[in-house]
Amino acid sequence: MRANNYTPALIKIYTKEGWIATEQSLVAVEKDKQKVIAWGNEAEKYIDDKEILVINPFKQGVIEDFIVASVFMTNFIRKYGKKQMFKRQKIVFSLLTEYSEIQKKALTETVYGGVVEVKISDDRSVFDEPDILKQFFEKNDCNLLIDITQDDPCRYVQERAEELRAYAAKNGVEMDITIK
């Protein structure tokens with residue numbers, strides 16, 4: 001069961017070598033035990049399960065649920081971060097959405113355990129070419145670049161259209177909605 005009714009942000013992770021993964025900002029929690037059972041793309045398969053609550057901690061790319069965002073980021077970094085003994089992660093967040101100073105501080109605080117330094121960047125040019133990305137890593141002395149994008153507007157419109165179709169059908173109304 002979906003806890004909130006909006007499309008998850010896409011969280012992309014890069015290293016000096018380039019893009020390595022994209023995950024949806026979803027966390028699946030067992031209702032009875034309040035136990036996290038899945039996160040990212042894996043959590044999406046639980047959306048129709050009535051015993052599982054699927055939470056999206058980001059709305060339009062901005063943190064809406066700090067605790068769930070912390071769970072998501074911790075798991076995300078644990079999975080994709082370099083596993084080097086005695087070396088802590090240095091992370092840069094790239095934000096498409098404008099963040100207030102309070103929102104930036106909240107974002108940096110979602111990342112803990114094994115992370116020594118977190119920076120925020122609004123430089124979108126780093127994604128244009130591999131050489132620019134490598135220079136960015138050298139300049140910022142970081143291991144990971146995490147890109148938080150806004151909800152995909154096309155996917156959002158398609159999902160709302162499907163919900164509208166289902167609602168209309170439930171009420172005996174036939175609708176034809178075409179999305180290109």
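Student: Which residues of helix H3 (residues 130-140) are buried?
Tutor: The model is a predicted one. Buried means under 20% relative accessible area. In H3, the residues that count as buried are Leu 133, Phe 136, Phe 137 and Asn 140.

Student: Within what arc do the buried residues of H3 fall, seen down its axis?
Tutor: On the other side of H3, Asp 131, Gln 135, Glu 138 and Lys 139 are exposed. The buried residues line one face of the helix, because seen down the axis of H3 they fall within an arc of 95°.

Student: How many aromatic pairs does a search of the whole structure find?
Tutor: A pair of aromatic rings is described by the distance of the centres and the angle of the planes. Searching the whole structure gives a count of aromatic pairs, which is 5.

Student: What kind of aromatic pair do Phe 58 and Phe 72 form?
Tutor: The ring centres of Phe 58 and Phe 72 are 6.5 Å apart, with 80° between the planes. Planes over 60 degrees apart count as edge-to-face. The pair of Phe 58 and Phe 72 is therefore edge-to-face.

Student: How many residues apart in sequence are the parts that the pair of Phe 58 and Phe 72 ties together?
Tutor: Phe 58 belongs to strand S6 (residues 58-59), and Phe 72 belongs to helix H1 (residues 66-80). The pair therefore ties together parts whose separation in sequence is 14 residues.

Student: Is Phe 72 buried or exposed?
Tutor: The cut-off for buried is under 20% relative accessible area. Phe 72 has a relative accessibility of 0%, so it counts as buried.

Technical notes:
Residues numbered from 1 in each chain as written. Predicted model: local features only at pLDDT ≥ 70, side-chain atom pairs only at ≥ 80, totals over all residues. Heavy atoms only, no water. Phe/Tyr/Trp six-rings, centres within 6.5 Å; stacked < 30°, edge-to-face > 60°. Helix = DSSP H or I, 4+ residues; strand = E, 2+ residues; numbered from the N terminus. Buried < 20%, exposed > 50% of the residue type's maximum accessible area, 1.4 Å probe, protein only. Arc of directions from axis to C-beta.
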